[in-house]
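Subject: Structure handover

Hello,

Here is the structure we talked about.

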Amino acid sequence: MFKVSKRKTVALAIIGCALFSCSRNPEVKRIIDGVVPTDSISMRQVEIGTELLMPENIFVVKDKLVIYQSKADNLFTVFPLPFTGHSYAAGRTGRGPDEFIRIDVRSIVPYGDVFKVADADGMLKEVAIDSGRVDVISKTKMNLNQPYNGAFEMKDCYINMNLADEKYEYVISDKKTGEMSYVCPYPDWASAGSSANIATYMKYTVPHPDGDRLAAFYTYFRKVRIIDQNGKILRDITLDFTGGTGAYEPATASSYNAYCFYPTATGDYIAVNYYDQKLNEPRKKTTEIQIWNWDGKLLHRLICDKQFMRFTIDFDSGILFAVPAYDARHLYIADLSGILAAKE
């Protein structure tokens, strides 16, 4: 269950109307409508005992906050939780049994005590980190026959963003047979021929822990899609802030940024960074984190008083961690435990 702090909640009306694709399945296509709780979040800046070189991803694995940096001598900077600022380095580039050639940064997904990544050797690797030691517990060939770009393990298949043609968004490989299929036709939100579809419909994706669904948040459109593992669209959602701040208008890849950075998800919730800004405008001094559920409902907006892109939430403790945009010696932290409640 998702609970809201009564002390700070502000009702924000999002003006729109629900669109129904057909009476048998009324919520496949939807414009967000209703009152969405919104909180202003004050974040504190915490000094860390290391300098971050070029952080590319941040995630939580059980009792560890992990920052991935492909250009550093060690790939992972690990902060034991509860967070004190102390860290250790782990993980190397190479071809050894517990090393990595080139991780697909979009593919990093935590699963309890471990996390999984797609590596350039064609393998999906299950990884554990403990006290500076990295163990690649298992390796699985995904048979996608394309460079990895958001490659995930699903329940019955492996999925990757399709780089082969202009027709379909994803390619999947059946776990049992290895058969490849192209699924989920590209939308028609932009004018034809403006750029390659893989660029026009750039997105940030995250799988459900059960592997039966995938959520996609689009970079250049106020659009969200939830698809099943076979590419069938379960929810097709448009944000409409008509008449308010960030009023919706059909955006193109040359004018607007909507979502940015990789979402973080549990079996119940998805958290994502909502950029909401036209290109070439000064960067906002605040950051909006949206909380969605897997039914495609926007549950909550968190307006943070710091500027950042890379973030994660430890849903067990309710702590939000973020990497400052131009500060290699600090992290931003906020306690959301008064807003986020444990699952019931």
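Phe59, Tyr68, Phe76, Phe100 and Phe115 form one aromatic cluster. Rings of Phe, Tyr and Trp (its six-membered ring) count as a pair if their centres lie within 6.5 Å; planes under 30 degrees apart are stacked, over 60 edge-to-face, and the rest tilted. By this rule there are 18 aromatic pairs.

Some notes on how to read this. This is a predicted model, in which local features need pLDDT of at least 70 and side-chain atom pairs count only at pLDDT 80 or more, while totals for chains, interfaces and linings use all residues. Residues are numbered from 1 along each chain as its sequence is written, and side-chain values use heavy atoms, with hydrogens and water left out.

Aromatic pairs

One of the pairs is Tyr204 with Tyr262, which is edge-to-face, at 5.5 Å centre to centre with 70° between the planes. Tyr204 belongs to strand S17 (residues 203–207) and Tyr262 to strand S21 (residues 256–265), so this pair links parts of the chain 58 residues apart. Strands here are DSSP runs (E, at least two residues), numbered from the N terminus. Tyr204 is buried at 12% relative accessibility, and Tyr262 is buried at 15%. Buried means under 20% relative accessible area, with exposed over 50% and partly exposed in between (1.4 Å probe, protein chains only).

Phe217 and Trp292 are also edge-to-face, because their ring centres are 6.0 Å apart and their planes stand at 70°. Phe217 is in strand S18 (residues 213–218) and Trp292 in strand S23 (residues 287–293), so the pair ties together parts 75 residues apart in sequence. Phe217 is buried, with 0% relative accessibility, and Trp292 is buried with 1%.

Nonpolar cores

A nonpolar core is a set of buried Ala, Val, Leu, Ile, Met, Phe, Trp, Tyr and Cys residues joined through side-chain atoms within 4.5 Å. The largest one has 55 residues, and Phe76, Phe83 and Leu320 have the most contacts inside it. Strand S26 (residues 319–324) gives the largest share of this core, five residues. Apart from it lies another core of 20 residues, including Ile159, Ile172, Leu214 and Tyr218.

Which residues does Phe76 contact, leaving aside its neighbours within four places in sequence? Among them are Val66, Tyr68, Phe100, Phe115 and Val134, where contact means heavy atoms within 4.5 Å.

Charges over rings

The charged end of Lys116 sits over the ring of Tyr111, 5.2 Å from its centre. Lys203 lies over the face of Tyr170, 5.5 Å from the ring centre. The rule requires NZ of Lys or CZ of Arg within 6 Å of the ring centre and within 35 degrees of the ring normal.

Regards

How values were computed: Helices (H or I, at least four residues) and strands (E, at least two) are DSSP runs, numbered from the N terminus.
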